[in-house]
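Open the model in your viewer and keep the sequence panel beside it. Each stop below says what to select and what is there.

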Amino acid sequence: MQTHPIARACRGDASPGLFWETSPVDPRMRSTGQGGHEDEPLRRTGRPARRDRREGARVTDRDSITHGGTTINYEIRRSKRRKKTIEVRVSRDGVCVYVPWAVSGSEIREFVRDRGSWILSHLARLSEIEPIRFADGETLAYLGREIPMVFETADVSGPEVDLEDGVFKVTEPVGAGDEERVEMIGQAFLKWYHYRAGEHLVETVDRWWPVAGHGPKSLVLIRNQRKRWGSCGVDGTLRFNWRVMMLEPDLIDYVVVHELAHLQVRNHSPDFWNLVQSFLPDVPQRRKRLRQKAIGMQL
Ligand SMILES: [Zn+2]
C-alpha cells in the first residue's frame, strides 16, 4: 500500500512536528501524546523502510547551541533526497533538524540559533502537558471542543463511556488499581472515538465525494495508525486516524479532502495542492490550524 502522509512537514520556522508516539491505552498517554504534524507520519522515532527509501540515505549526528543561557541539544538527520528545506521538529524526544546532505554544521547551528526562542517555547509547552489521570474535571477534545469528564463507579465489568449533555460520563468498576484503571478507561475511550470516527468519516467522505471523489467509491477504514492523520491506498482505500475526531469538523474536512485529492494526484506536488485548494480555498489556513492543534492534543 502506498501511503500519503498529510501535507508537508514543518519547514524552517513553521510549526513543530509533534508526533503521536504511544497508543491511548498507554497510561502515560497525556504525557506522551503529542499531536501529529500535518505532513509527516505521526511517528516518534525512525520511519518505515518505504519512507527511508523515498528520502534517501540518512546520517544522524548531534550538536548543540546555547540560546539565552540555555543549551539546546539537537539531532541532525541528513538526507540525500532532501534538497532545499531544513526542518526542525520539537517533540518529547527532543529537537531534531532535518537537512539536505551537504549543509554544514555551522549553517545548521545558525538555523537552530535563529529559532532558539521558538524551540524553547515549544519544549516548555510540551513539558507542561500533564499525564492524564482520568479525574473529574479533566477534559478530552471531541470535534474541536474540550469535553469535561465525570466518573462514577458501578457494578460493570469494564469502563463505559457516554457523551451526554456535553459531558463524558464514565462508568467504571470498583477496585481497579490506578495504573490498571487509567489503562482500562483509555481503552474505553479508544473504542468510543473509534466508533464515532467510523460514523463521522464515512459521512464526511460521502459529503465530499461528489466534489472531490474520483474513480470507484473508496472504502473508509479507521485505524489507530499513530503515524499520520490519514492515508490513501493505491486501491483507493482511505484510512483515517481515529484521533481526527479530536479536531474541529472543518479540519476533519481538510484531512478527508486531502486524502480524496490523492485519488487523482498521488504525491504532494504543486498540482496536488492546487487541486486541494480548488476544493477548499482556505486550505493554507486549515493546514496552519491543524499544525497548531496537533501540539496540544491529549490522547
Ligand atoms: Zn498527502
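Start with the whole chain. Among contacts between residues at least 6 apart in sequence, 56% join residues at least 24 apart. Two residues are in contact if their C-beta atoms, placed from the backbone, lie within 7 Å. This is a predicted model: local features need pLDDT of at least 70, side-chain atom pairs count only at pLDDT 80 or more, and totals for chains, interfaces and linings use all residues. Residues are numbered from 1 along each chain as its sequence is written.

Colour by secondary structure. The protein has 8 helices and 11 strands. Helices (H or I, at least four residues) and strands (E, at least two) are DSSP runs, numbered from the N terminus.

Now think about burial. Of the 299 residues, 37% count as buried. A residue is buried if 20 or more other C-beta atoms lie within 10 Å of its own, exposed if 12 or fewer, and partly exposed in between.

Select helix H5, residues 178-212. H5 bends by about 25° at aspartate 206, and proline 210 follows within four residues. The bend is the angle between axes fitted to the seven residues ending at a residue and the seven starting there. Buried residues of H5 include Phe189, Trp192, Ala197 and Leu201.

Next, the largest nonpolar core. It has 40 residues, and Ala197, Val244, Val255 and Val257 have the most contacts inside it. Elements that give two or more residues to this core include E8, H5, helix H6 (249-261) and helix H8 (283-296). H5 gives the largest share, 9 residues. A nonpolar core is a set of buried Ala, Val, Leu, Ile, Met, Phe, Trp, Tyr and Cys residues joined through C-beta atoms within 7 Å.

Pick valine 244. Leaving aside neighbours within four places in sequence, valine 244 is in contact with Ala197, Trp229, Ile252 and Val255. Then find a second, separate core of 13 residues, with Ile72, Val88, Tyr98 and Ile108 among them.

Go to methionine 246, in the loop between E11 and H6. Is methionine 246 buried or exposed? It is buried, because 27 other C-beta atoms lie within 10 Å. Its C-alpha atom is 5.0 Å from that of leucine 143, 103 residues apart along the chain.

Last stop: glycine 166, in the loop between strand E7 (160-164) and strand E8 (167-172). Glycine 166 counts as exposed, because it has 9 C-beta neighbours inside 10 Å. The C-alpha atoms of glycine 166 and arginine 145 are separated by 9.3 Å.
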